[in-house]
Amino acid sequence: MTIPLSLLLSLLLSFPVVMVDPHLHGVVLDHSTHRPLQGATVRVLGTRLGAITDAGGEFHVHDLRGDSVTLEVSMVGFTTQRLRVPTRGEADVVVDLLPQSMEQGVYVPTVTVIGHSSSTAAMPSQPTTVLSMEELDATRGSTFSDALENVTGVAVMRTGPSIAKPMIHGMSGTRLVLTQAGVAQEGQQWGEEHGPEIDPFLPARVTIVKGASGVRLGPNAMGGAISVDPEPLTTLTSGWRGEASSNLFSNALHGAVGGWLERTRLFDEDVSVRVHASARRAGDASTPDEVLGNTGFSAWSGAAQLTAGDQDLGLSVYGSHFATTLGIYAGSHLGNAADLQRAIERGRPSTTYDFTYAIGNPRQEIGHTLLSLQGHATLAPQTRLKVSYGWQQNDRSEFDKHNARIIGRGTDPVERARDSIARLQRSLATPAMNLLLTTYTAAAEVEHQLGSSIQGSAGVSGLRQVNDRSGRVFLVPDFLALGAGAWLYENYVAEDWSVNAGLRYDRRWLEALQQQKIYEGVSGSVGAMVDVTSDLRVQGNLGLAWRPPAVNELYSNDVHHGVARFEIGDSLLQAERSTGADLTVRWAAPSVEIEATAYGTWFSNYIFSVPDPDHPTITIRGVFPTFRFRQTQAMISGVDLSATVSVTSEVSIYGKGALVRGWDQVRAEPLFMMPADRLRLGTHVHLDDVLGMHESYVDVSVVGVRHQDQFVPGQDYVDPPPGYTLVDVAAGGIILVQSTQIRWGVTVRNLLNTSYRDYLSRYRYFADDPGRDIMIRFTVPFGDPP
């Protein structure tokens, strides 16, 4: 069933325009200096209202409803704080907040600290999006990348329903850096079907930085960075508390549970601990017309954290383990070239599958273990030392659906046949490829303030990485990688403008297949932010970035089972380098907020893989599409646009759009696998109290994705699929049971059960994307008040 997009939009926009303006005024200060903070984000929880502080640290929020509201105040590099403030009366309510640039934070009466230092990758002038706890709740239990999908400028590459990989401004994988608990995540992120090994129940805060972020994070942060932060663990207040969550999904009959428990100030000392655990299980996903066989998954995760000390001297230890088993769609592994061609021409699976929770071959089994140690010490009133150490081990096994022909032993035909079957079953139970990646990282950084207007940092970092491969599939060899880097960053803040600059040098060594390679490069950035008026802000950045070729890009020469294709690398690839620029204009007036970002990135030696449709690779395990890695001179540019209009104090309408263009400047043709243009329009209704529920909301949105017409005819095995339109609906709120605030929500994705295929789906050759999915979630806090 489909309905015209114009009709949906008219329904979304058919609300009476009654402009009211209850008003709240406040100021945000830096606790360490008591100076106003420019650029802090102030949000009214449960609504889409908010503001950005001006040069004097002041903000104004309009169109408020009710006697009081809950504010959340955040800024890159500072502690996020939440507090309840009254809105009654005609006089402005002045709110003094003290964001803490130190990790421990400072207790302030009536203020609950709910976050800690966000991504240190972002420069003050970079486009940055922070996902709050409420936004993360909407997708908990699904994949981690699902939480990022609604961020303007972020797309998601999918390999079935269980594997999702974020893409920022047309860049993904080894062009992005993801940090967890202050440590850059190091897995086999080169694979398009290798999603981040992050428990979706874990983050309390996610920060997305768009644009080159290499000054703080080093090579690979060409397109941006994603910082995942757990709930902060303070030593300033005593008590115990926890939280339990449960999510149910209709598609794949997917269930998920998670929770955490913490005790602060153990034995009345500056020591606090927390433990976390979660589990998920899903069966085969379904399109509107059929079951996608062997697409189920299971996952579990555990984590523990210990914090000791105070803001002057402290240590935090964090450890986690994430394990998952992922089924790979059975219809993507075919026996011969004719089957591949028929599957593409048919456009749908030839085999009908029944729903099951069983996961067979092909499949992936992944375990990721992380240990992070973070320490800090105040060296002087304006100087602070931060040190960190990280150890990670990523264990990835991929199991094949097919195998070499195995001939049994023995002279009797029956016995020989039995032996052949037994040996084949043992072979299929053994990973076709196992990759054990162990990474050691260390860094030291000195944060400083020079005078009243200059803040910055200087630091060094090092990396050692070892990969051990086993199995009959040769996709990534054994290798040893070493890295070292140093950086300097400064930020100058004036009354209504600021400017920042940073520079970094890195050197990488790689030893693989008896070859030794050395890569080196410089990352740099210059940015500025200007408050033209109290409502208008303009910010821009120039950046240099680079990355060494990934090991798979250099040496692949076998079947990549997760994406069902044969990949061929090129050991002569050079380091990829880029120059980028972006400009953001933000207008925030009463009842209206508009933000637009234009960006462009120019690449030298851009590395990408392209299909070779004339030469599919035939192996003893079947026939697979062939993809080859190559380099070119390229440009990726685009526009992000978002707008929110508060129609009344309860109703707001919003829109988010993104356009990306990639261009091969050598061959004068579009780059392969750029995201299609997309636009989301929606209406958000917020009511304080409905049927005994608090902070209630209903959100209805329509997302339209255009047909990707920027492609080279005949380059791929099949042309990009048609565009599509989907409808999503969400509702939620808080149920108060005695003194316990139970958060609940219902989300319906693809409400009309539309059949579609996204261009970024790795299964678009063979099957539709999943159909309607209804998610029901509950979160119950317990223990002492925070």
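A: Helices and strands here are DSSP runs, numbered from the N terminus; a helix (H or I) has at least four residues and a strand (E) at least two. The model is a predicted one.

Start with leucine 513. This residue lies in the loop between β27 (497-512) and β28 (515-531). Its phi is positive, about 50°, although leucine 513 is not a glycine. In general, most residues other than glycine have a negative phi. Leucine 513 has 44% relative accessibility, so it counts as partly exposed.

Arginine 265 also has a positive phi, near 55°, and is not a glycine. Its place is the loop between β18 (254-264) and β19 (271-282). Arginine 265 counts as buried because its relative accessible area is 16%, and buried means under 20%.

Arginine 265 has a charged partner. Its salt bridge is with aspartate 270, and the closest N and O atoms are 2.4 Å apart. Aspartate 270 is partly exposed, at 31% relative accessible area. As a general point, side chains of opposite charge can pair when their charged atoms come close.

Next comes a peptide bond. The one from asparagine 361 to proline 362 is cis, with omega near 0°. Most peptide bonds are trans. Proline 362 sits in the loop between α4 (337-346) and β22 (363-380).

Now the pairs. The structure holds 32 salt bridges. One of them joins the side chains of glutamate 593 and arginine 586, at 2.6 Å from N to O. Glutamate 593 is partly exposed, with a relative accessible area of 23%. Arginine 586 has 15% relative accessibility, so it counts as buried.

Arginine 706 and aspartate 709 form another salt bridge, with their closest N and O atoms 3.0 Å apart. Arginine 706 is partly exposed at 41% relative accessibility. Aspartate 709 is partly exposed too, at 36%. Elsewhere, salt bridges that share partners link Asp146, Glu149, Arg158 and Arg749 in one network.

Last, a residue in a strand. Threonine 597 belongs to β33 (residues 592-611). At 4% relative accessibility, threonine 597 is buried. Its side chain makes a polar contact of 2.9 Å with the side chain of threonine 584. Leaving out residues up to four places away in sequence, threonine 597 touches Pro127, Asp582, Leu583, Thr584, Gly638, Val639 and Asp640.

Terms used: Residues are numbered from 1 along each chain as its sequence is written. This is a predicted model: local features need pLDDT of at least 70, side-chain atom pairs count only at pLDDT 80 or more; totals for chains, interfaces and linings use all residues. Side-chain values use heavy atoms; hydrogens and water are left out. Buried means under 20% relative accessible area, exposed over 50%, partly exposed in between (1.4 Å probe, protein chains only). A polar contact is a pair of N or O atoms within 3.5 Å; within protein, one must be able to donate a hydrogen and the other to accept it, and residues adjacent in sequence count only if both atoms are side-chain atoms. Contact means heavy atoms within 4.5 Å. A salt bridge is a side-chain nitrogen of Lys or Arg within 4 Å of a carboxyl oxygen of Asp or Glu.
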